[in-house]
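Good morning, and thank you for coming.

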Amino acid sequence: MRAVRRPGRCFLGKHPFTVVPNGIDTARFAARDPQRRALLRGELGVTDQEILFGHVGRFSDQKNHPGLLKIFAAVRTRLPKARLVLLGGGDPAYVEKMQALAAELGLGDSVIFAGVRSNIQSFTTRWTPFAAQPFEGLPVVLVEAQTAGLPCFVADTVDRGAAFTDRVKFLPLNDTAAWANTIAAASFRRDPQAREKAIKAGYDIHTSAEVLQAFYLRRYAEVTP
């Protein structure tokens, strides 16, 4: 059965449903603040000459940190000044296992285990994100990173509908060389029109609020005598 889209409303056959975009504060994630960037890099011990990659996700099998670290090890052979920061909590034993794997792969202090942070927007506007998890629908951090104008590298298991800019590269989950080669050849320039693209794609929080408001007003009118 074919889904037919309508402004603010969709139909699956004859059955209506409402799509509510997972909106974010696009102004917040698109903001540029060189001073805060310098402070964050200083906190992490990352120099301006180094390329900072990042990943947000709890430490669990579903997030595929082993695959992520192996990809980054291959990236480091091509980009020796690359650093990786991992955000997220989880089982301490699992985190220690990933730290041991990073050491085994010869990554040393090039991988930063930053733990749980409340200021995610400070990170996602100052790095190049990539994620190699096999189970993922629409990662909100991918929306946030695109809004910041960043290039993003994600597994081809991620819903391609999550891309609203041309800065997202979908890569084969188990092809480490493909990841490393693509990342090494990529441009890390920001997309200056990224926020406008996010708004047009419906990911601004104001758009989401308007859709929700219209939905509840419509439902209220339908049940009110």
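Predicted model: local features only at pLDDT ≥ 70, side-chain atom pairs only at ≥ 80, totals over all residues.

Let us begin with strands E8 and E9 (residues 168-171), which pair in the parallel sense over four bridges. Two strands are said to pair if DSSP finds at least two bridges between them. Within this pairing, the bridge partner of Val-154 is Phe-170 in E9.

Residues are numbered from 1 along each chain as its sequence is written, and side-chain values use heavy atoms, with hydrogens and water left out.

Strand E8 itself spans residues 152-155 and is covered on both faces. In a regular strand, the side chains alternate between the two faces of the sheet. In E8, Cys-152 and Val-154 are on one side, Phe-153 and Ala-155 are on the other, and all are buried. Buried means under 20% relative accessible area, exposed means over 50%, and partly exposed lies in between (1.4 Å probe, protein chains only).

Now to the chain as a whole. There are nine helices and nine strands; these are DSSP runs numbered from the N terminus, with helices (H or I) of at least four residues and strands (E) of at least two. Of the 225 residues in the chain, 43% are buried. The chain exposes about 11900 Å², and carbon and sulfur atoms supply 54% of that area, as computed by the Shrake-Rupley method with a 1.4 Å probe, where for residues only the protein chains shown count as cover.

How many aromatic pairs are there? The count comes to five, where rings of Phe, Tyr and Trp (its six-membered ring) pair if their centres lie within 6.5 Å, and planes under 30 degrees apart count as stacked, over 60 as edge-to-face and the rest as tilted. One of them joins Phe-53 and Phe-188 edge-to-face, at 5.9 Å centre to centre and 80° between the planes. Phe-53 lies in strand E4 (residues 51-56) and Phe-188 in the loop between helix H7 (176-185) and helix H8 (194-200), so the pair ties together parts that are 135 residues apart in sequence. Phe-53 counts as buried because its relative accessibility is 0%, whereas Phe-188, at 28%, counts as partly exposed. Ring pairs also bring in Phe-72, linking Phe-53, Phe-72 and Phe-188 into a cluster.

I turn next to charged side chains. There are three salt bridges, each a side-chain nitrogen of Lys or Arg within 4 Å of a carboxyl oxygen of Asp or Glu. In one of them, Glu-50 meets Arg-83, with the closest N and O atoms 3.3 Å apart. Glu-50 lies in the loop between helix H2 (34-44) and E4, and Arg-83 in strand E5 (residues 82-87), so this pair ties together parts that are 33 residues apart in sequence. Both Glu-50 and Arg-83 are buried.

Another salt bridge joins Glu-222 and Arg-219, the closest N and O atoms being 2.4 Å apart. These two residues are separated by about one helical turn, because they are three residues apart in helix H9.

Finally, Leu-212 also lies in helix H9 (residues 205-223). Leu-212 is partly exposed, with a relative accessible area of 35%. Together with Val-20 and Tyr-216, Leu-212 forms a nonpolar patch on the surface, with about 280 Å² of accessible area. Such patches are made of residues with over 30% relative accessible area and no salt bridge, with like charges joined within 9 Å and nonpolar side chains (Val, Leu, Ile, Met, Phe, Trp, Tyr) within 5 Å.
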